[in-house]
Amino acid sequence: MTLRIISVDDHVIEPAHLFEGRLPAALQPDAPRIVTAADGTEAWEYDGQRYPQIGLNAVVGRPKDQWSMDPARFDEMRRGCWDPVARVADMDLDGVDVQLCYPSLIAGFAGTVFLRSRDPRLGLACVRAWNDWQLEEWVGSNPERFIPLQLPWLADPVLAAEEVRANAARGFKAVSFLENPVDVGLPSLHTDHWDPFLAACEETGTVVCLHCASSGWSASRSPGAPLELLTSLFPVNALVAAADWLWSGVPVRFPHLKICLAESGIDWVPMLIHRLDYVMDHSATGGGAWADREHRPSEVLRRNFWFSVIDLNASLVLRHEIGVEHIVLESDYPHADSTWPQTRTRAEQALAPLPVEEAEMIAWRNASRLFRHELPTSTRKAA
């Protein structure tokens, strides 16, 4: 078979010109900009801080022995990292039809860099500039090949809701939010603080995307531990986030809200399902922690959450317990975890034992339905 692929977790390396001319005139001089240090390294400079382009964020096309955490220059990166036309060419090499692209370090996965701005007006202007660039230049270069993803304004859930509604009218399908707002000093999910924003997402069908480490938390706790410990524990982030969102009651208050976990994997999902059922049958207090009297937490997990997987493996045998219609694929271009340029080849090999209908669901149909994005015209007939 020849699978079509929609990848729901990839990244842009923001180009140096992203913020040029996109902020109000009074704020434009303070916009993020690329600076070159005396040693030749490049970094974003914003609000008195510098944010280097970490090498492992953009390693596609480079021999593994050249990978490092050292700062990387644009001229050391594959052009597809920051150029949408070159990205489409790399997607064609990879056999990927559509990508949803998250930001990189200058924004933070959910706009946390702009949240920390000393001048909130500047932070909000930068969020809007990033969103304008994503829609107009990145997605606008080839709307069939990219799913529009916005950043939220985290400082004010009412204004964030207004932005979501306005952006939905412009064509945005998703918003990158925080796994856990308390990790960045914001109110808990276990309050009604975020309800205006979440209501707007539910109302507009905007998918709430939770990228691993979007709020800066990691289960890697030991000082001096290597990077490999952090990356080994990525699925723990997803488990903790899913459990927290469930018990916060968010998907009970907003039963039509769609939540997609990025870089989550699927191995942990059956374990959480089993534990949720056991807790409800045994140690649940009965004091009203779970307000839905018609659906158990495990049922709501299968209803409201989608799980992104990059390393298709033996866990696929449990796909029906997880909910095969809620598993979506990712390639994570251009990060070190990326399957580029073998995403389609690897998916075809891993999904070959499955019925064709289920293989297509995981490869592209689930994502197409979730993000309301069809396959490109040039590939739809073949699919």
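Helix 6 gives the largest share of the lining of the second largest pocket, 3 residues. The model is predicted, so to speak of local features pLDDT must be at least 70, and side-chain atom pairs count only at pLDDT 80 or more, while totals for chains, interfaces and linings use all residues. Residues are numbered from 1 along each chain as its sequence is written, and side-chain values use heavy atoms, with hydrogens and water left out. Helices (H or I, at least four residues) and strands (E, at least two) are DSSP runs, numbered from the N terminus.

**The second largest pocket**

- A pocket here is an open set of points on a 1 Å grid over the protein atoms alone, where a 1.4 Å probe fits, with protein on both sides within 12 Å along at least five of seven lines; lining residues have an atom within 4 Å of a point.
- The volume of this pocket is about 400 Å³, counted as the space filled by probe spheres set on the points.
- Its lining has 23 residues, and Ile310, Asp311, Ala336, Asp337 and Ser338 are the closest to the centre.
- Helix 6 (227-232) and helix 7 (234-248) each bring at least two residues to the lining.
- Sorted by class, the lining holds 8 nonpolar, 8 polar and 7 charged residues; Ala, Val, Leu, Ile, Met, Phe, Trp, Tyr, Cys and Pro count as nonpolar, Asp, Glu, Lys and Arg as charged, and the others, Gly among them, as polar.

**Helix 7**

- Helix 7 runs for 15 residues and spans 21 Å from first to last C-alpha, close to the expected 21 Å, where the expected span is 1.5 Å times one less than the number of residues.
- Because 11 of its 15 residues are buried, helix 7 is largely enclosed by the rest of the structure; buried means under 20% relative accessible area, exposed over 50%, and partly exposed in between (1.4 Å probe, protein chains only).
- Among the buried residues of helix 7 are Phe234, Trp245, Leu246 and Ser248.
- Just after helix 7 comes Gly249, with a positive phi of about 85°.

- Strand 3 (residues 42-46) and strand 4 are antiparallel and share 4 bridges, and Ala43 sits opposite Pro52 in strand 4.
- Elsewhere, strand 7 (residues 149-150) and strand 8 run parallel, joined by 2 bridges, with Gln150 bridged to Val175 in strand 8.
- In strand 8 (residues 174-177), Ala174 and Ser176 point one way, Val175 and Phe177 point the other way, and all are buried.

**Backbone points to check by eye**

- Most residues other than glycine have a negative phi, and most peptide bonds are trans.
- The Tyr333 to Pro334 peptide bond is cis, with omega near 0°, and so is the Trp340 to Pro341 bond, with omega near 0°.
- Pro334 is in the loop between strand 12 (327-329) and helix 12 (343-351), and Pro341 lies in the loop between strand 12 and helix 12.
- Glu263 has a positive phi near 60° and is buried, at 10% relative accessible area.
- Arg372 has a positive phi of about 55° and is partly exposed, at 42% relative accessible area.

Note on methods: Two strands pair if DSSP finds at least two bridges between them.
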